[in-house]
Amino acid sequence: MPLFFKLIINIVILAAFLLISHKVSAQDWRPVRGGIPFGISGMALIEQQSNSLDFLIVHDNKKLNQGRMAIISIKGKNQPEYFPLNWSNNTQLPIDLESLTSVPNKTNSDFIALSSSGKAYYLKLDISTKNISVFKEFELPAITPKSNFEAFGLQSIDGKLVAIWGNRGEGEETGTIYFGEFDSNTYKISFSGYGNFKVPFPKGNVRHISDLKVDRVGIVYITSASDAGDDGPFQSAVYVAGYLGLCDRKITWRPNPQLVPFYRSDYHKIEGIELVPGAEGGVVVGTDDENLGSYVYIVGGSS
């Protein structure tokens with residue numbers, strides 16, 4: 001009998017531990033909004049303060065009565081606050097925005113959003129009026145009839161403003177990473193090259209590239225995601241995909257020869273990523289979980 005009761009006690013303790021661990025893990029993911037129109041398909045940091053993070057996000061909506069962009073504010077351990085933005089009246093609403101990046105060496109009001117077709121929008125954010133203005137529209141180079149872009153990033157590397165963007169790929173079809181130099185005066189990208197990209201996880205209905213960001217030393221972070229429909233199930237992973245650098249003043253790409261998922265999820269479809277420096281920062285990801293709406297999570301950040 002003593003051995004039996006000891007076994008029961010151990011089982012109860014183990015069950016409680018697993019339950020607590022599950023609850024803590026679930027609480028780390030912070031819900032933003034419910035429903036398909038509020039999925040996060042790209043995100044960029046606006047401002048970082050001691051106890052708060054503000055992000056600009058894009059939605060991949062296509063209908064006239066659906067929002068395109070919003071601000072989410074995360075204060076401490078509270079749930080994110082959501083503030084929809086007004087798209088400027090003098091420009092046509094974009095269709096299927098899939099990625100967003102801030103513009104290096106500018107104020108926190110300059111951003112570029114990218115649609116799946118390869119059309120890019122240089123944007124100005126007015127936080128006080130919650131308004132987005134289109135400053136310039138332009139198209140990416142290397143667009144083909146089969147292109148389906150899900151990622152775009154900008155970074156200043158060794159004095160050059162480097163652009164990197166990704167065609168998502170699907171299943172056995174590899175994704176493609178493109179890169180070149182962005183001219184902020186003409187809003188044109190000088191195409192430099194490309195490389196294929198295929199992840200080991202997720203499998204099945206995988207989009208090998210669902211978003212990307214590049215840090216100040218040229219390290220490229222890429223998210224991958226899969227889903228079986230509007231109700232899931234979903235899977236995602238985050239990778240260090242490779243390195244962008246300069247060789248004889250030319251932009252070069254060095255892929256990671258052995259991809260390691262440093263974060264994975266079996267419950268969410270990650271389609272947005274941002275890099276937040278500092279003690280309260282981390283790799284921040286946002287999801288487009290279709291009918292289940294959107295969530296954000298700070299990988300390696302304070303919970």
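## Basis

Local features in this predicted model need pLDDT of at least 70, side-chain atom pairs count only at pLDDT 80 or more, and totals for chains, interfaces and linings use all residues. Residues are numbered from 1 along each chain as its sequence is written, and side-chain values use heavy atoms, with hydrogens and water left out.

## Largest pocket

The largest pocket holds about 730 Å³ of space. A pocket here is an open set of points on a 1 Å grid over the protein atoms alone, where a 1.4 Å probe fits and protein lies on both sides within 12 Å along at least five of seven lines. Its volume is the space filled by probe spheres set on the points, which are joined across faces, edges and corners.

The lining of the largest pocket has 28 residues; a lining residue has an atom within 4 Å of a point. Closest to the pocket centre are Ser102, Gln155, Arg216, Glu274 and Leu275. The elements giving two or more residues to the lining are strands S2 (42-49), S7 (97-102), S8 (110-115), S11 (149-157), S15 (206-214), S20 (270-276) and S21 (282-287). Strands are DSSP runs (E, at least two residues), numbered from the N terminus.

By class, the lining has 11 nonpolar, 10 polar and 7 charged residues. Ala, Val, Leu, Ile, Met, Phe, Trp, Tyr, Cys and Pro count as nonpolar; Asp, Glu, Lys and Arg count as charged; the others, Gly among them, are polar.

## Salt bridges

The structure holds 13 salt bridges (a side-chain nitrogen of Lys or Arg within 4 Å of a carboxyl oxygen of Asp or Glu). One of them joins Glu271 and Arg207, with the closest N and O atoms 3.1 Å apart. Glu271 sits in strand S20 and Arg207 in strand S15, 64 residues apart. Both Glu271 and Arg207 are buried (under 20% relative accessible area, with a 1.4 Å probe and protein chains only; exposed is over 50%, partly exposed in between).

Asp227 meets Lys269 at 3.5 Å, N to O. Asp227 is in strand S16 (residues 219-227), and Lys269 is in the loop between strand S19 (261-265) and S20, 42 residues away. Glu290 meets Lys269 at 2.5 Å, N to O. Glu290 lies in the loop between S21 and strand S22 (294-299), 21 residues from Lys269. Asp227 and Lys269 are buried, and so is Glu290. Through shared partners, salt bridges join Glu150, Arg168, Glu170, Arg207, Asp227, Lys269, Glu271 and Glu290 into one network.

## Aromatic pairs

There are 16 aromatic pairs in the structure. Rings of Phe, Tyr and Trp (its six-membered ring) pair if their centres lie within 6.5 Å; planes under 30 degrees apart are stacked, over 60 edge-to-face, and the rest tilted.

Tyr122 and Tyr187 have ring centres 5.4 Å apart and planes at 80°, so the pair is edge-to-face. Tyr122 is in strand S9 (residues 119-126) and Tyr187 in the loop between strand S13 (175-183) and S14, so the pair ties together parts 65 residues apart in sequence. Tyr122 is buried at 3% relative accessibility. Tyr187 is buried at 13%. Tyr122, Phe135, Phe138, Phe182 and Tyr187 form one aromatic cluster.

## Ser190

Ser190 is found in strand S14 (residues 188-197). Ser190 is partly exposed, with a relative accessible area of 47%. Not counting residues up to four places away in sequence, Ser190 touches Gly180 and Glu181 (heavy atoms within 4.5 Å). The C-alpha atoms of Ser190 and Asn86 are separated by 32 Å.

Methods:
Helix = DSSP H or I, 4+ residues; strand = E, 2+ residues; numbered from the N terminus.
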